[in-house]
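Student: I would like to learn how to read contacts and pockets in a model. Can we take them one by one?

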Amino acid sequence: MWFDRKLTSVDHLCFSRSPLLSVYADMSTCCKEYADDERSMLELVFAPCSPLAGGKTNWIAKSDEEIVEATMKELARLFPTEIGPGAPDGGAVLRKSAVVKTPRSVYAAIPGRNKYRPSQETPIENFTLAGDWTSQKFLGSMEGAILAGKLAAEVVTDRSAGRPTQGIKSVQQHVIDEANKASEEVPVGLDLDSDSAFVYGGGEEMSQRSEEALQNQDKEQLEAATVAAR
């Protein structure tokens, strides 16, 4: 989000208290490529973005204009002296914006969710797990992935040295029950003919091509969007 003036409240990377904006930064201050002493350019993570990720609203289904409007309202609440109608001279004016959607990127870290994350150690010999989705104290993030990698390395070294490990985490019984009832499905796989970032789990500005790729690769996102729109 590009503004017509320099914002003073955000001068570094911030983890937010906002229920909508999980993290944001003024790139005109933090990043050489966007350096500007006169005007700010904010990059923000708007998440969780759908009920599938634990949110209350399916923002994947919303238009870019609706997302920008909600973001501006939230920024006005967070920084009332610089953004919004309560700020002097009406506050900073948004010059332009770009919305990049990345389905399933960030989920809501609600209480009780960590019990579903598997331990790095497994009952299979010489098979150790790593990734931000495994059991560790951070949410799904680069920091979580790094910590999980460290914990996985500890499992390998402890086993090699004959030291006791942290142990194997039990799988929740209802998960096992649901897995036993599940039917076999053919994986979707990658649509190599599509150049949409959605095919590879990435994000991009939404277009007709994007929507078609999302329909093919992750149709649950659009199904949830249909329900949310009713």
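Student: Which backbone nitrogen lies 3.2 Å from a polar atom of the side chain of Asn-58?

Tutor: First, the ground rules. This is a predicted model: local features need pLDDT of at least 70, side-chain atom pairs count only at pLDDT 80 or more, and totals for chains, interfaces and linings use all residues. Residues are numbered from 1 along each chain as its sequence is written, and side-chain values use heavy atoms, with hydrogens and water left out. Now the contact: the nitrogen belongs to Ile-60.

Student: Where does Asn-58 lie, and is Asn-58 buried or exposed?

Tutor: Asn-58 sits in the loop between strand S4 (42-46) and helix H2 (64-78). Helices (H or I, at least four residues) and strands (E, at least two) are DSSP runs, numbered from the N terminus. Asn-58 is buried, at 3% relative accessible area. Buried means under 20%, exposed over 50%, partly exposed in between (1.4 Å probe, protein chains only).

Student: How many salt bridges does a search of the whole structure find?

Tutor: Start with the idea: side chains of opposite charge can pair when their charged atoms come close. The criterion is a side-chain nitrogen of Lys or Arg within 4 Å of a carboxyl oxygen of Asp or Glu. The search finds 8. One of them joins Arg-159 to Glu-121, with the closest N and O atoms 3.2 Å apart.

Student: Which parts does that pair tie together?

Tutor: Arg-159 is in helix H3 (residues 142-161) and Glu-121 is in the loop between strand S5 (94-96) and H3, so the bridge links parts 38 residues apart in sequence. Arg-159 is partly exposed at 33%, whereas Glu-121 is buried at 11%.

Student: What lines the second largest pocket?

Tutor: A pocket is an open set of points on a 1 Å grid over the protein atoms alone, where a 1.4 Å probe fits, with protein on both sides within 12 Å along at least five of seven lines; lining residues have an atom within 4 Å of a point. Here 13 residues form the lining, and Gln-120, Leu-151, Val-155, Gln-166 and Gly-167 lie nearest the centre.

Terms used
A polar contact is a pair of N or O atoms within 3.5 Å; within protein, one must be able to donate a hydrogen and the other to accept it, and residues adjacent in sequence count only if both atoms are side-chain atoms.
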